[in-house]
Amino acid sequence: MNQLLKEKQILPIDGKDSCLVERFLGSGGQGEVYRASIQGKPYALKWYFPKQATSEQKSSLENLIRIGAPNNKFLWPKFLLTNPKNNTFGYIMPLRLPQYKGINDLMRRKVEPTFKALAIAGVHLANSFSKLHANGLCYRDISFGNLFFDPITGDIQICDNDNVTTNGNPLVTVLGTPRFTAPEIVRGEAHPSRDTDLFSLAVLLHYMLFVHHPLEGEQEAKIHAFDLPAMTKLYGKNPVYIYDPKNTTNRPVAGIHDNAIAFWKIYPTFIKQLFIRAFTDGLKPNGRIMEIEWRDNMARLYDNLIYCRCGAENFHDATEYETTGKTIVCWSCHKPTILPPRLKIGKNLIMINVDTLIYPFHVDLSISCEFSDPVAKVNQHPQNKSLWGFQNLSKDKWTVISAEGALTEVLPGKNVSLINGIRINFGKTEGVIQV
Amino acid sequence: MWQIIAESVKSPNHPLNQDAKKYFIPKDKEYVVVAVADGHGSKKCFRSNVGSEFAVEVLINNFRQHFSSNKFDNLQAGFSGTKDNLAKTIHRQWMEKVRNHLANNPFSPEEELIDVKVLNNQVISYGTTLLGALIAKNYIIYLQLGDGDILVVNDKEVTRPIPKDENLIANETYSLCDKEADSLFRFYYQPVIGQLPDLILLSTDGYSNSFPNDNEFQKTALDYNNLYKEEGMSFIRKNISGWLKDTTVHGSGDDLTAILVFKTSENESATKRETNITN
């Protein structure tokens, strides 16, 4: 159904290189996307519909190309291509890899990522938008159409970056995607900004974790036609969080909003409290949760993951545990979970599962959350299967202090047993093992 | 600008035709909307002839409403932002119609015995697919839930605006009776850059399943386009019922429904021929 470019068409780039159009990939509101190649290397090429190929869009693209991507998660514009014959243009960007799936696929349950992958994706998402905003930019249209994630690793790719502008730019052509836009935009009181991006980010994270929109409860169930007045009321004039503790008028309805009801029971108190804040105080611009707070809490979610004996992933709920002394009941087999050994570093508590990896950001709080180059992994003793340990994967030696005060060193590649009360000095921080 | 033929034939193996079709052209002919639905017709879906009628009715009403309230001056904030609402509204209104119908026409004792699963979720008995198109001067919206085919002919090229869903195998299909059907709708929004298509064909899967492969089925769309140019509208209108009956008898054996939307402007020969035949 492509209308703008032909397969095998060759487009010049700055009079030097050329770009070969290979095949049509898809169409959106602004233009068409093709698979293309430059010197044999594959890329994606977006070409604008004539009506969308405005001089403002072109200069905005030139600016984005000059600034460069905030990090490697963004499929950022690389080169601008023009067709002087009809005054249209497009741009080259990295090609999205096939293992990355749309959040739409998650909503439709076509992909079933692990909770671990979702928590990692949440960290990457918050981190990436933190970097974009730190560069003085505003994404304007955070929604699940623009985010792709690897359901195995939780890595993400952020697409459609050509509408990114400097924060405060009153460009009116992109106001965001309904359901993701902040209430003040829905009411017509504001244009997209970093503040409204933060609301959209919260909605996106809510969708990812609860597979449901935060404001769609009883009020939504009563809607007969999803027209503009209904949408404006629900998302703009009278937004109520489905789990607002003080306003119970918009609770999810069984039989209609079952995802929200089911997933609410699974997550630990701290993350639910954060979402409550995001959609009560955060309905106003000055109450929004900042990217860093999302990032740290998504990392904490990752750290609190435990496995039930039945194999299901669950989350340890420290608040519940401290109050009742009981571990959580598995959502799958409905039996109480068994708390695994823990590593406590400062305020952070990390569950030690058979597949747990400790990353640099765990042991050096000044380091950004990246899930690469782990410093420790869990090992089982080759003879005594009931004995578990941490293997030092870092380049530095650790100092270990036993509960009795004896000091030992753990060189790179060596193991330390996970025994209650031992302290491990990782260099910048010290952790205590709790069994 | 458009001429439409809508035809449906009953399967020789079914007591009732469970397909439905409907279209609407406003007086000013600013746009046209077309819809076909394929009631599942399985043992469990014993009211799917009613379900498919509700489906095309709800879709036509919503496309009309959609056209009048969305002018799409801004493409990005236009359809891509409203398609979810359209899907939700269609699904919810279809459900409401089904529930009202059930309230006024409770299951008979015979129907209650058909399947215990259906007795517990009676909406299943109305299960149906849905395909539609809103064709305006500057854009076309295609919509599909479940199986069926939408083909577009431009000159000698046939394309599918919504590709076949690889997740649907054998006779499996998505249905309006699915609880989360609104998330299963697929859309294609096409701004018209150059020429409008010569022909848009929507059909229930009984049509494409009558052919050994997709290429053969797509040739049918080209044949219709050629016939329209060479023989005119009346010729197709007079013969299509017989062609469809032959197709299903020698092919799928299913109910078979097709809507053909032909572009009329810049087609003087067809218009002339049409006038001659009519006279």
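Where in chain A is the place of Arg140(A)?

What you see is a predicted model. Let's begin with chain A, which has 12 helices and 23 strands. Its radius of gyration is 24 Å, close to the 22 Å that the globule rule gives for 435 residues, so chain A is as compact as a globular protein of that length. Along the principal axes, its C-alpha atoms fill a box of roughly 80 × 55 × 35 Å. Of its 435 residues, 40% count as buried.

Now, the domains. The assignment for chain A gives domain 1 at 10-93, domain 2 at 101-296 and domain 3 at 340-435. Between the C-alpha centres of domain 1 and domain 3 of chain A there are 47 Å.

Next, let's go inside. The largest nonpolar core has 84 residues, and those touching the most other members are Leu45(A), Ala119(A), Leu201(A), Ala202(A), Leu204(A) and Met208(A). Which helix gives the most to this core? That is helix H5 of chain A, residues 194-210, with 11 residues. Domain 1 and domain 2 of chain A both give residues to the core, so it lies between them.

Over to chain B for a pair of helices. Helix H6 (residues 214-230) and helix H7 (residues 233-250) of chain B pack with their axes 7 Å apart, at an angle of about 130°. That angle makes H6(B) oblique to H7(B). On the H6(B) side, the contact is made by Tyr224(B), Leu227(B) and Tyr228(B); on the H7(B) side, by Met233(B), Phe235(B) and Ile236(B).

And now back to my opening question. Arg140(A) is in the loop between strand S8 (137-138) and strand S9 (147-149) of chain A. Why pick it out? Most residues other than glycine have a negative phi. Arg140(A), though not a glycine, has a positive phi of about 80°. Is Arg140(A) buried or exposed? It is buried, with 25 other C-beta atoms within 10 Å.

There is another arginine to look at, Arg179(A), with a positive phi near 85°. You'll find Arg179(A) in the loop between strand S11 (165-166) and helix H4 (183-186) of chain A. Arg179(A) counts as buried too, because it has 21 C-beta neighbours inside 10 Å, and the cut-off for buried is 20 or more.

Key. Residues numbered from 1 in each chain as written. Chains lettered and ligands numbered in written order. Predicted model: local features only at pLDDT ≥ 70, side-chain atom pairs only at ≥ 80, totals over all residues. Helix = DSSP H or I, 4+ residues; strand = E, 2+ residues; numbered from the N terminus. Rg over C-alpha atoms; globule rule 2.2 N^0.38 Å. Buried ≥ 20, exposed ≤ 12 C-beta atoms within 10 Å, placed from the backbone. Domains from an automatic or database assignment. Core = buried A, V, L, I, M, F, W, Y, C linked by C-beta atoms within 7 Å. Axes fitted to C-alpha atoms, helices over the stretch in contact; angles between N-to-C directions. Parallel < 35°, antiparallel > 145°, perpendicular 65-115°, else oblique. Contact = placed C-beta atoms within 7 Å.
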